[in-house]
Amino acid sequence: MSSSAHTSSAIRNPLAPSASANGTQARPGALVPTNNVTTGDGLTVRARIDPTLTVDDVVKQLCINLKIKEPPSHFALRDETDELVTNDNLRKKIKNKVNLKLVNAPAREARETAEKLRNRNDKNVKLTLFSLQKFIREEQFARVFLTHDGLSELVDVIFKSTGNTLAYALTANQNLMELEYGWDGLTDAFILRVVQILSSPQSLINVCRPATAILKKLVEADPISAPGPQLPSSSRNPPSAPPGSVYRYGFQIVFEQMRKEPGLLETVVNRLGSADTAMAQYSMMLINSLLSHASDARWEEFICELERLNVRKAVVRLMSLHTIEDLTSCILDFQANIIRVTYRKKTTLVDPELEEVHAAALKSIWACSKLAEEIDSSGQILKWRKLGFETEDIVQEFSEVGVLGLECLKKFVESDPDFSKVILEQLSKPEDRRCPIAKASNEVVELLSEHWAIFAPGYSTSTTFQPFFLDFHKVHCLATHFFIRMWSESGAASGDFTRVVALVRSQIKVALRGENVRPWHEVEHDFMECEYRAVRDRQMKELELEDDLLSKVPVRNLRAKLYKESFEFVRQQRIQCLLQGAWFVNALPQSSPREATRRSSRPWRFMRLDTGMKYLHYVDSAIKFPVRNGLEDLPERIDISMISEIATGTCAPPPNVLRDQNDLPPTNPQVPSPLSFSLLSAHEGSLADQIAPDQSRWADWTDGLNMLRRDGGHVSSKETAGFVQALTEIGLKIKLLDLSGEMVEIPSGLVAGPPPMNNDFFFSELM
């Protein structure tokens, strides 16, 4: 092509190569070039591109001016990072004078890629797969690649390759699965292959990362999670996926393949200690997805296996490290999931007749007591009452604390080699002076559940790490021993049970304060060394400020109900803030190179969530301007599903943009702002780095985005957690106003009447 400049006007010839890119100055009167365009032959031309054209028209004009004989439909434009130029981003590329490349169109590239995989050899397959992992995310590429049977060829590579070739193939498959179509044909054999790759301790880190992400995606591709209307389901079977839907996998299908490789979970848990932070993060995210989507049929088996592998201990170890900023969100998600697990155990009834595990636990408890079953003076069996239960009906005794209470009592009994002596000591006392140890154990479970707000699945407002919560059984043992000691030191009798419970509640608050910063030995000291008189004096001061009414069981249940309502209310409020949108400053990540710290020409960004809650739409601007309702003013967007973590305090303001803000350091621009946050993708790094204008906006967006994530739900700001707690307390006091005004006595508990003798009854309608 000639290097001379075209003199046609921008209207008559809206795209014109203006001069060669060899430094030659365009002659006076020539059109000012906007971009350099490099062809497949290595020729670089300077061209003026009219931003009002479509990409197809731009490519057509380029082909004419460069005298390319092939049809324009065979070509497309990409930038230097291989991002495809589309009608949505063309104006941005022109404005920023981005260097462009004239390359194969995605459809053509897809056909050639599928053909190369079909006829692959060791020499070209790595290069083919390296390109594939970038292009596969593009719909124009993916659709043609799939219609040419590219996925089956890719899967074949995954089955037959190792090393970096396998890593590239798995990454390409992972990126394909970001689309909501095309991978519904992945078979059980493929899932098993991924499981086997992950199970091998010898697998390379760059192989394990995409393999873990693929398994996570398959777990989350549950029919229940499918967008739009669902097909009918029964109480036994989940809804089936519509034909062609990728939402046909889920926990049940993945776990069946996991069971064939017993070492998989152990390997994944071990990788939580990996020196590679990304590997630990992927493993953490997989465990969270499995916990969130575990099916009823395999729930108990899966949870028992995780507990056997000491996953909680591995996570607590992560908490203690100082280089885990990238893992903070994952750890908070794990805490929220364990709260769900704990709540489910607490609400699962103990049934030794139907559940062998429950019967075995009770048998172990009884064996540790070294007691013999007797007959009391009234001719009734005397067994469980010896341990401190009120009756021999073991199902009823655990009705409030469920399987959680049974597990805690079992751990307590087995952890104390002198348990039988403790029981004998109590039995040697007069009956009204005995400490009801089993009843005390259950009450401690209730107190710890109240302290950690284990009210309902899916609701967690903890903004900090809770390592003691993850060691629930150990804390329970300490608190139960403390209960027994307080009973003895205070000379309590059977009528003093509520008074001792109040002492233990007070001590739990003190011992577990500052959970994210206190060392474990201080907790042990508070429970084991604190004297009765000191606890009693402190508790008396607390009673002056508190109302005993709030500790009664019906009021605690009411608080739990209001807590759920308050959480949902705040969640909707936060999401509403996202729908309205807000202005932010485009921040600089701490890892930014020195030259990137120069002032940006467009330092402001307006972001808004779409009504479908799938995308964050935004626009970058040099100044703030009134943004209209809707999405017309917001040409760019971020896919919510791509966000794996919302990291906070990660980036600094650009120079001279926020000099009027007092809460930001004025001298050193590389100091992270406390109002900054980053939207991180598991494999693309940061999708956005922003600084909020104030603390309220920061809390709205960080928590709102966390609540939107499929595997999220935790709260990261103290402001949101405070709102939930405040709404709960206000609601509780309003509900109790009527009762206190009428001087109604609230019982500590309600006893259900006997069941009907026959079926000759019906339920009346409530008016």
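Guide: What follows covers a helix pair, the cysteines and a sheet.
Guide: This is a predicted model, where local features need pLDDT of at least 70, side-chain atom pairs count only at pLDDT 80 or more, and totals for chains, interfaces and linings use all residues. Residues are numbered from 1 along each chain as its sequence is written, and side-chain values use heavy atoms, with hydrogens and water left out.

Visitor: At what angle do helix H22 and helix H24 cross?
Guide: Roughly 20°, with the axes of H22 (residues 472–489) and H24 (residues 520–528) coming within 9 Å. Axes are lines fitted to C-alpha atoms, for helices over the stretch in contact, and angles run from 0 to 180 degrees between N-to-C directions. Helices here are DSSP runs of H or I with at least four residues, and strands are runs of E with at least two, numbered from the N terminus.

Visitor: Which residues of H22 and H24 make the contact?
Guide: Among them are Leu478 and Phe482 of H22 and Trp520 and Phe527 of H24; contact means heavy atoms within 4.5 Å.

Visitor: Switching topic, how many disulfides are there?
Guide: Zero in a search of the whole structure, a disulfide being a pair of cysteine sulfur atoms within 2.5 Å.

Visitor: Is cysteine 208 buried or exposed?
Guide: Buried, at 1% relative accessible area. Buried means under 20%, exposed over 50%, partly exposed in between (1.4 Å probe, protein chains only). Cysteine 435 is buried too, at 4%.

Visitor: And the sheet, what is the strand order?
Guide: E12-E11-E10-E8-E16-E15-E13, an open sheet of seven strands with antiparallel pairing. Two strands pair if DSSP finds at least two bridges between them.

Visitor: How many bridges join E15 and E16?
Guide: Six. Leucine 680 has serine 686 of E16 as its bridge partner.
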